[in-house]
Amino acid sequence: WAQKTVSGRVTSEADGVALPGVNVLVKGTTAGTITDYDGKYQLEVPSSATTLVFSFIGMTSQEVELGNRSVVDVVMSEDAKQLSEVVVTALGIEREEKALGYAVQEIDGSALTTVKETNVVNSLAGRVAGVQIKGSPGNMGGSASINIRGIRSVSGNNQPLFIIDGTPISNDNFNSDDTQGADGGRDYGNAAQDINPDDIANISVLKGPSATALYGSRAANGVILITTKSGKNKKGIGVSLNSTTTFESVMALPEFQNEYGGGYKQEFDTYNGQPIVNYAADESWGPRMDGTPVRQWYSWFEDDPDYGQLTPFVAHPNNVRDFFETGITSSNNIAITGSTDNTSMRLSYTRLDQKGVIPNSTMARNTVAFSGESKLTDKLTVGVKANYVGNSAKGRPGTGYGADAGNVVTSFRQWFQRQIDIDKLKNYETPDGLDRTWNINSPNNLDPLYWENPYWVLNKSYETDSRERLFGNIYASYQLLPSLKVTGWARTDFYTDRRDDRIASGSIPQDMYQEDVRQVREDNFEFLAQYNTNFGDNFSLGVNLGANSRRNTYQRNYNRTVGGLSVPNYFNIGASIDRPEITDYSEEKRVNSLYGSANLGFYNVVFVEASLRNDWSSSLPPENNSYLYPSASVSFAFSELLPSSSVFSFGKVRAGWAQVGTDTDPYRVYNTYTPSDNYGSLPAFAQPNTLNNRDLKPEQSTSYELGLDTRFFNGRIGLDLTYYNNISINQIIPLAVSGTSGYDEAIINAGEIRNNGIEVMLSGTPIQGAFTWDIGLNWARNRNEIVELADGLDNILLYSWGVTLNARKGEPYGVLVGDAIKRDAQGRKLVDGEGNYVRETNKVYGSVLADYTGGITNTFTYKGFHMNVLIDFQKGGKFYSVSNRYGTYSGLLIETVGNNALGNPMRDPVLVDEDTGEPLPNSGGILADGVLEDGTPNTTYVDAQNYWKNLRNYREEFTYDASFAKLRQLNFGYTFPKSMYKSLPFQSISLDFVGRHLAILWKKAPNVDPETALGSGNIQGFENGQLPSVRSMGFNLKVTL
Amino acid sequence: CDQGFEELNIDPNKPSEVPTSYLFTQGERALVTQVFDPLTVAEYAIHYPQYFSQTQYADITRYSTVESSFYPFYTGGLADMQEIIRLNTTEETMDAAAASGANVNQVAVARILKVWGFHNVTDMWGDIPYSQALLGREAFSPVYDPQSEIYPALIQELTEAAAQIDENQPGVVGDIIYGGDMAMWKLFANSLKLRLGMRMSEVAPDMAKTAVTEALSAGVFTSNDDNAMYTYLSAQPNVNPYYNHFLTRTDFAVTNTMVDMLKAMDDPRLAIYADPIGVDVPRDANEFPVANPEYVGMIYGETDAVSGSIRNQEVSFPGLATRAATAKSPILVYSEVLFNQAEAAARGWTGGDAEALYEAAIRASMEQWNTLAAEVGSPYQVTAAEIDAYIASGDVAYDAANFEKSIGTQKWLALYMQGFEGWSEWRRLDYPDLKPAPAAPAGMGIPRRRGYTETENSLNKANYDAAIARMGGNGLSTRMWWDVE
């Protein structure tokens, strides 16, 4: 039985680099090996052997005749048909998509670098089936919320886990419940916005537990797996430049009325014989803006050119629009890559600058990314991935209703006088340093009453913040055997987030200064052994065994002055007149894990995979802190068994099942007392409002998914369908309980939430050739149902601001409930004898969750020209608009003017025939649209101001369908042919016109943008003083050297 | 794999054990906040009986909202008191708790303060969770007890708690109201029992008489020195809540109802109760005295079109004695005790001289306000001669034929700043003759309660529905059990 030794090297056709891990088999036997890191192999073969088979994921397999050779070098090419794409799966393991029993969708990094979002999460909008992004498109540096396949946890985190090069990174969002509910505060955004699009090579979205089970608890909501660029596969030195500049302007402003100015009645009051405006009224039920000369607010300020003058009382229709400025965003990236035989590296620097549309708001971000890898010996490889991100911002706008937070837009949308000339407000300070506002108390008291000059607020009571962050990993990998590799990683992500805020002396709220500093850190130590082998031609086996130790720490130091500042505008905690408010908080959690997975392939047609993981979490009671969960999936590429066809190119069915256990936040097991402010020298502690639970168990989610992946006409048409079902039980809920129990909430294990849905991805190339048109469509519907809550409980209150947000048994998550106009059996609105609507309480309006979401991408290329257009859409979902509620209450919006059914101005007085009680033909007022209890039509006109003020008690009237379709992104550009600059050192040059959030193509809600998220938590569906949405347009230039 | 995890999960930010004195301090402050701070339901209590009027946005005074939450009472001071009782009666914690006063004394004071809290809750909402309240995990959805059962239970609690007090053992520590003086707490318990007993005069006279006479024989306040006052401090966050309010806003002026009546009767308390007109930010109105001061009350419950045209400097804001940083809040005072004694005599339940007690009550009120004014540096003082003249005047003279009117009117004047009590006593006695807000919805009278929060519909539906059905509606016009038509 003679043998001979055959050796050789396998390289890639595309870039000539060595291919490690290639399977080399003697055809017809089980004898084989795997190439090493240099792509080299050595194999003893029987002398009878004639052929070697080379196979590698993503490459076309090759059979090579041996002949008499003892050295066989092979160049492998990528699988041209792309039918068997390689995707990045859990633990960063690259797998053939064909072999997966679950859905994974990828986004190439190049899709993110032309039209750039300052918060990269927004770039996912409309691109991935079943992934919903919610943001607030007017908020500089604001939050983007992301949900994959619906809401799984009643009150826990429903955001996916972000993993960059294997390192889990924090996507924390410290916005308070009130900020999320649009009741004030500033939106500082979610921490994943630190990910720099220029450094992303690829994003892989792992949607379901089957795909993510190996990541454990935190990945129950899916994983956004990001691979950053490296210097690998690029010989020599390369330099690339990417520069974008865009200009931002406000859009989707409310439709204001321009007939009546400030006040509560249509006649002017007089003061010393002169007509005056009602300066104290922050509403517009006043006199007609007919040019009558009156003493306007500024006429009382001695430094005003119109001091003491009567000036015409006229409309300024663009006063709100004129307040906003043109924003500028510029982003510049330079990246240098290089590699030698044993070492590769990439160094990238990005600078982002933004000037917001709100006066005095700016943001900047510096990102440095370094990636390096070196082969120290044949078997030992070490590497590092490190990212530094430095953010700073000034003047982030306040959000929501709270005037203390400085949201000047609340005034414009809800409490304003329509005649105000914005130019007159630009001088916001008197020579004596006092606030110079339109909302003065009276002619002889020029102090601000409710609303300060908006320029005063933005220029004097601004915030500043910064976040300095480092994340990445170092690793060492050792090839123990050709088929067995062990790797150890040390990973970290830590940052210091600092927020300083101030209220200037002389403002309406008491002057103050506060500092809020958080230190967040996560360290992971991970070990992974990977074993891959083939048994003969037709069986493959992969086994992974891993262990991870995780430690999370969080510290917060918050200080706020109390009782004012000792020296005006001395912004320092030391200036606190009374003892400052202090929060000193620290938190630590540890999770240890062991896990393993095995996958088996049969005849390259059937693939089976299974995994098992056990976690130990410090956040659960000792008796319940260890939990084990399995997953299994199967993939069947049935087209391999069919005769090859020019029509049907590929077909696969897949099925996956998984269970995931989830722990909770620390300190929910043992009860403690809540510190309160001292009373003089007496300490004060309160019985806590949350009742902890000594018997907590881990949450559990069980899911399955089924999928079909088909391609036709050599891949020109692709259709991918997925159905999934997920049931989450034993949820750890801070259950809102009746306060009469002595507690506001109690930590319990309860509930069952079901999500099921369909995801459809359709791709096609309708036109191919010199002009090519690619189209991609994704569409997803998720059905969510709260199947069960705690015993005897059918509702959990999530948030309340007039309207309540609830998890209610038998309904989808997040139903809005509140008061409404009562309706009769036929659905007609009921009106009482006074002409006012009849009120009904506790009406369920519907869920904030969308019925379906999706997006359409179109790519056109012709010679050097290219164009990408992304449209995304949402159907259904409710939200409540406080802006519209008060915008009509205070007579600002267009709805509050116009003629009534009699053809008279609705704001004219109601005139009634004293004898018949019927309205006179010249009567003003509004006839509420409805019937009396007895079914007869309402005939009683009510005063317009009373009508709109009363209408606020029926909040359903201000609750809208959040459906929209938006032109989310567009770029149109040209790649200059090399022939144009042969003598220059450039390798490629391209220039694009780029636009983001260009137009709301369709929406149902008036006056506001239905995208209203102010956080990435579970509180959604509240709009209140929304910052106007912003349209962004500009240019992108890419150059490589 | 989980070594050290249990210790790691003990919250380092909050203590697992604290002296019960810390809970007393917090609990008293929390209850007082609900009864006196206009950021809470106290805002309704001070406006409905027409002590204060809103200068702009007169929505409360036009009765335009219905629901308010009582949760802050329960999760705040009441829960703290419940915890004090638990710690002082549970074997494992009793000894440690005794560092803050004798177990029996702590339990007694906590019970008394619970009664004070609960009676304010029931007086605002009617039927409320009581017997199953504050039990945590044992009852997340407590039943609503009828007010007719709560009142006897509260009186029973006061009787037992007063009896439990042992003045020979250490008093409670951390007590802002009486500094742990157990003799005072006994007097307070009896005086509160007198108040609750009298509250039932119309609906359950026999029960009322028993409670009133028991309380009087057990011993009640005998001078203004006994008054239960809550003292605020000069530094944040322990300042008087109206002081805080007027730092940034000017929502509350004294009503025309109040000012007109004080002027009509030439009541010398006017200068203490209200500021003269001419200033529009009350915090600036501390220049005393003003020559020929003029006082004008703010019209009550008018439309924005009407009240919006009235400027701040045209109306009187509350006086310094009610809104200085350290202006005290009266929890239960001697004059109220005397008014109750006068009424008991008038009803023939005791042998006292109703007229003399009535006059003594007015005198006690004047003296009490003199003290409050002096304490905050207000120069206005009612002189003895003014008191005598006032009592002698025809408008004030005791009318034995209509003691409800005499006592009701004078008690309402004396209970200024005690919104809950002033409102309750007006509802019980129907004096003085207050008129509903002119701009209130047609046919709507002065509110006789607040509606339950809609949150209860979500969290405790069956019991909430049952209570509404039993009381006859969740609206503002539904009457208390003791508020007989």
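Which residue forms a salt bridge with Lys98(A)? I will come to that after a word on the model. This is a predicted model, in which local features need pLDDT of at least 70, side-chain atom pairs count only at pLDDT 80 or more, and totals for chains, interfaces and linings use all residues. Residues are numbered from 1 along each chain as its sequence is written, chains are lettered from A and ligands numbered from 1 in the order in which they are written, and side-chain values use heavy atoms, with hydrogens and water left out.

Back to the question. The partner of Lys98(A) is Glu640(A), and the closest N and O atoms of this salt bridge are 3.3 Å apart. The rule for a salt bridge is a side-chain nitrogen of Lys or Arg within 4 Å of a carboxyl oxygen of Asp or Glu. The two residues sit 542 residues apart, in distant parts of the chain: Lys98(A) in the loop between β9 (94-96) and β10 (104-108) of chain A, Glu640(A) in the loop between β34 (626-636) and β35 (648-662) of chain A. Searching the whole structure gives 88 salt bridges over all chains.

When I name an element, helices (H or I, at least four residues) and strands (E, at least two) are DSSP runs, numbered from the N terminus. Two strands count as paired if DSSP finds at least two bridges between them.

Now the sheets of chain A. One is an open sheet of four strands, ordered β3-β2-β5-β6 (chain A), with antiparallel pairing. Its edge strands are β3 (32-34) and β6 (62-65) of chain A, each of which pairs on one side only. From one strand to the next, the twist averages 20°; for such angles, axes are lines fitted to C-alpha atoms, for helices over the stretch in contact, and angles run from 0 to 180 degrees between N-to-C directions. Within this sheet, β2 (residues 23-26) of chain A is joined to β3(A) by three bridges, and the two run antiparallel. Leu25(A) is opposite Gly32(A) there.

A second open sheet has five strands in the order β10-β15-β16-β13-β14 (chain A), and its pairing is mixed. β10 and β14 (167-169) of chain A are at the edges with a single partner strand each, so one side of each has no neighbour in the sheet. Here the twist averages 25° from one strand to the next. β10(A) runs antiparallel to β15 (residues 200-206) of chain A, with five bridges joining them. Val104(A) has Leu206(A) as its bridge partner in β15(A).

β25 (residues 380-394) of chain A is joined by 15 bridges to β28 (residues 463-481) of chain A, and they run antiparallel. Lys385(A) stands opposite Asn473(A) in that pair. β28(A) also pairs with β29 (residues 484-503) of chain A, in the antiparallel sense, over 18 bridges. These two form a hairpin with two residues between them, and Leu470(A) has Phe494(A) as its bridge partner in β29(A).

Another hairpin is made by β36(A) and β37(A), again with two residues between the strands, and Gly680(A) in its turn has a positive phi of about 55°. What is the phi of Phe713(A)? It is near 50°, a positive value in a residue other than glycine. Phe713(A) lies in the loop between β39 (699-712) and β40 (717-736) of chain A.

Now the interface. The contact, meaning heavy atoms within 4.5 Å, takes 77 residues from chain B and 89 residues from chain A. The buried area is about 6600 Å², with carbon and sulfur atoms giving 53% of it. That area is the accessible area (1.4 Å probe) that two parts lose on being put together, summed over both. Three salt bridges are found across the interface. One of them pairs Asp304(B) with Lys949(A), with the closest N and O atoms 2.7 Å apart. On the side of chain B that touches chain A, α4(B) gives the largest share, eight residues.

Last, two cis peptide bonds in chain B. One joins Gln236(B) and Pro237(B), with omega about 0°, and Pro237(B) is in the loop between β4 (228-230) and α10 of chain B. The other runs from Tyr431(B) to Pro432(B), with omega near -5°. Pro432(B) is in the loop between α19 (419-429) and α20 of chain B.
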